[in-house]
Amino acid sequence: MPTTTYSTKTIQKIREPAYYGVKTEKNHKRAKSVPWVDVSDDDEKSKRNSLKRKNSIVNGNADHSRNGQNGHKNKKRRSSIQNGDTPQSKDLANSPGSSQSKRGHINGSGPSTPHTAKFKAVQEQRKQLPIAKGREALIEEINKNNVTILLGETGSGKTTQVPQYILESGLARNGMIAVTQPRKVAATSLAQRVAVEQNVSLGDLVGYAVRFDEKSSAQTRIKYLTDGMIVRELMSDPLLSNYSVIIVDEAHERTLRTDLLIANLKKIQAKRNPKTDPKGKGNADTSNPLKIVIMSATLDAEKFSKFYHNAKILYVKGRQHPVKIYHSAESQLDYTDAAMRTFFQIHTDQPPGDVLIFLPGQEDIESLQKSIELYAKQLPSDKSEVLTCTMFAAQEHSQNNKAFSPTPPNTRKCILATNIAETSITIPGIKYVIDTGKCKEKQYLARISGGGFDTLLTRDITKSSAMQRAGRAGREGTGACFRLYTEDAFNTMAVSGEPEILRCSLTSSILNLKCLGQNLEELDLMDKPDLDSMADLKPVASALKTLWLLGAIDNHQKLTPSGRQMALFPLEPQYACAVVASKEYGCTSEVLDIVSVLSASSKLFIDISEQRDAVTEARRKFRHPSGDHLTVLNAVKAYRDIAASENKHSRREWCRKHFLNERTFLEARDIREQLVVTCGRIGIDVSVSAKENEDLVIRSMGHGLAGNSAFLQADGTYKQTMGQTIVKVHPGSSLCDKKVPAIIYDDLMYTNQIYARGVSSIPKSFFLSLDAFKQRKA
């Protein structure tokens with residue numbers, strides 16, 4: 001490891017706006033400059049990271065700790081992967097089952113032009129990755145152990161290379177290699193990169209599967225999936241028998257579905273790999289054994305190792321390039337303004353290289369993008385141009401992909417991103433990272449009576465996230481990370497975030513577990529909810545109550561036939577319930593249209609505060625007197641008519657004129673196609689339509705949203721039917737200026753008050769027909 005350097009030298013302050021040629025008003029307040037303190041990125045790890053890394057070598061420099069032990073003599077020894085560290089495994093690479101010996105058979109079409117300059121350059125890049133030095137040793141260790149915990153620094157190449165090494169060595173035999181990711185953007189972009197490195201078409205040897213989108217075939221051997229997709233696969237294949245190796249990447253994020261997967265993999269491996277000793281080693285079942293690899297750059301490795309019976313911990317040495325880290329000398333209250341000023345300091349003072357700015361959410365991204373583009377237009381003519389790109393989960397895939405495009409000549413690209421760019425993906429050209437130290441985190445506030453509501457709050461990131469963000473700057477060359485928070489603030493950050501299982505709705509996950517014959521309370525989880533604690537009991541009790549209201553489970557918490565049908569749909573349980581109920585009411589076609597739009601990743605109706613009157617006027621033609629759900633249906637029908645008669649440009653212009661998001665329509669179309677297939681499997685006729693009887697559509701939605709309902713009170717407020725919470729209709733709803741006896745809604749949003757969004761009126765008498773309400777009344 002390089003010798004740690006620490007300097008208290010303050011980097012030159014931000015220059016005055018006049019330097020950049022930016023005009024300012026005379027009475028404009030002078031913005032505070034952002035002084036920087038330089039600190040090595042290795043210093044933070046050696047001083048405060050809970051991971052004790054032994055005999056580590058980074059970028060060819062030895063660790064200078066005495067005897068390489070760091071004083072932790074009693075800790076379990078970790079193996080460090082480097083050439084010569086462990087015996088070689090050439091016999092694996094050249095085995096009959098090796099993909100190297102069967103390359104043409106595995107890939108249906110085979111590499112088209114394996115000797116082109118581009119292909120050779122890609123293979124040369126692979127050889128330069130730090131992980132390549134320990135390839136044979138890594139394969140040897142994975143071969144010897146059923147479970148491997150792999151720590152590799154950001155930029156070491158683990159996410160793209162480990163699956164390929166396993167395939168090329170023959171370790172996967174005839175099965176597939178699954179690589180799970182927390183986010184779909186990472187899963188799709190990684191699959192695309194590995195397909196390029198294997199010189200195959202995406203969907204052939206290398207594929208991916210994310211919610212409502214999949215590219216794979218019978219020839220696929222490496223498959224990148226979101227953790228939610230592989231958890232869904234458990235329902236049809238409880239032993240995941242199609243996979244020989246499952247790699248859980250970015251395990252430190254501890255998403256709900258990652259935790260459920262990790263717990264189930266432990267059970268699956270016990271069945272597929274009969275163990276002969278406490279460590280799970282010995283003679284595995286040769287018919288179809290499973291190997292598990294848990295990977296991350298920042299991970300509580302000891303905890304994962306202990307969970308998997310003291311599994312072997314490996315450490316991949318080295319980051320490809322060093323990253324210089326600067327902390328702000330003082331706290332920055334306005335992080336978007338500080339990010340903008342830091343960007344222009346980099347743009348004018350630093351050598352060429354693209355900039356990646358991490359921001360909490362979409363609103364911050366769009367605001368900063370406007371500011372940067374405004375000031376960039378006023379730069380002197382001798383300065384290079386600025387090209388801004390944005391990346392966030394709700395943005396269209398093609399828009400996110402623009403960040404990966406080559407930067408034009410004499411231009412600096414500035415990418416504004418949420419934490420979807422934090423892990424796994426490599427954006428070409430990034431040399432500078434600006435880290436605001438903030439992110440958005442969803443917290444679900446559950447109610448024992450059933451239901452609850454999400455809060456999406458901006459909070460400080462963790463040390464793990466800070467290290468991941470800094471690593472984005474060192475993927476292709478020496479980089480720099482500017483942190484908009486002090487070193488003291490970094491030191492007081494939590495090492496890692498709270499597992500998602502302790503802070504989100506469990507309704508969908510418990511339904512999936514019921515289909516597997518499992519109860520969350522009995523599952524062997526890494527962080528099990530404490531059911532003796534009211535705080536941990538609430539989410540579980542709330543989820544069970546919600547599933548009971550939907551008719552998915554009975555009074556004894558047993559799965560009902562309707563519940564099993566709901567679980568087949570890749571939807572939230574309340575929308576799946578509405579689809580199942582639509583069969584009885586004869587309005588499946590309309591319900592599919594509505595739930596497809598509601599399940600899309602972006603909002604259908606675009607709100608622009610500067611054009612509020614124009615938005616209201618344009619939306620009036622779609623507005624339905626019963627509320628938002630049939631308003632959505634009217635918009636879908638109108639777009640469908642336009643799409644049938646107009647070209648692509650006209651459709652886009654029509655959407656722009658009516659402040660509608662065409663991306664939502666297109667995504668909803670793809671979602672609907674998948675729902676149609678699922679409906680066919682359980683005997684629901686998707687062509688059945690309510691035609692003019694729209695009350696049937698509302699009643700179908702009411703079955704799914706029975707727990708999300710409220711009755712009008714004498715004082716004009718709405719009180720939840722399941723609970724005592726007073727809710728208000730959101731100002732953006734078509735029912736915001738109306739009072740009706742009863743409402744159903746999609747969700748609740750908490751700001752200064754609790755607002756219901758996606759609201760429709762429903763006859764109060766409807767609730768008397770629901771079994772759950774009958775029992776409650778009794």
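User: In strand E8, which residues lie on each side, and are they buried or exposed?

Analyst: In a regular strand the side chains alternate between the two faces of the sheet. In E8, Val206, Tyr208 and Val210 lie on one side and Gly207 and Ala209 on the other, and all are buried. Buried means under 20% relative accessible area, exposed over 50%, and partly exposed in between (1.4 Å probe, protein chains only). Strands (E, at least two residues) and helices (H or I, at least four) are DSSP runs, numbered from the N terminus.

User: What kind of model is this, and what limits apply?

Analyst: This is a predicted model: local features need pLDDT of at least 70, side-chain atom pairs count only at pLDDT 80 or more, and totals for chains, interfaces and linings use all residues. Residues are numbered from 1 along each chain as its sequence is written, and side-chain values use heavy atoms, with hydrogens and water left out.

User: In which sense does E8 pair with E10, and in which with E9?

Analyst: Two strands pair if DSSP finds at least two bridges between them. E8 and E10 (residues 222-226) are parallel, over 4 bridges. Here Gly207 stands opposite Lys223. E8 and E9 (residues 213-215) are antiparallel, over 3 bridges. There Val210 faces Asp213. The hairpin of E8 and E9 has 2 residues between the strands, and in it Phe212 takes a positive phi near 65°.

User: Where else is phi positive in a residue other than glycine?

Analyst: Most residues other than glycine have a negative phi, and most peptide bonds are trans. Asn410 has a positive phi near 55°. Asn410 is in the loop between helix H13 (397-401) and strand E17 (411-417), and is exposed at 57% relative accessible area. Gln557 has a positive phi near 65°. Gln557 lies in the loop between helix H17 (534-550) and helix H18 (561-568), and is partly exposed at 35%.

User: Which residues of helix H8 are buried, and what do they pack against?

Analyst: An α-helix has 3.6 residues a turn, so residues three or four places apart point the same way. In H8 (residues 227-236), the buried ones include Asp227, Ile230, Val231 and Leu234. The buried residues of H8 pack against strand E7 (176-181), E8, E10, strand E11 (243-248) and helix H9 (256-272). Contact means heavy atoms within 4.5 Å.

User: How many aromatic pairs are there?

Analyst: Rings of Phe, Tyr and Trp (its six-membered ring) pair if their centres lie within 6.5 Å; planes under 30 degrees apart count as stacked, over 60 as edge-to-face and the rest as tilted. The whole structure holds 9 pairs. Phe307 and Tyr308 have ring centres 5.2 Å apart and planes at 85°, so they are edge-to-face. Phe307 is buried at 10% relative accessible area, and Tyr308 is buried at 3%. Phe622, Tyr639, Trp654 and Phe665 form one aromatic cluster.

User: Which charged end sits over the ring of Phe307?

Analyst: A charge sits over a ring if NZ of Lys or CZ of Arg is within 6 Å of the ring centre and within 35 degrees of the ring normal. Over Phe307 it is the charged end of Lys266, 4.1 Å from the ring centre. Likewise, the charged end of Lys764 sits over the ring of Phe711, 4.8 Å from its centre.
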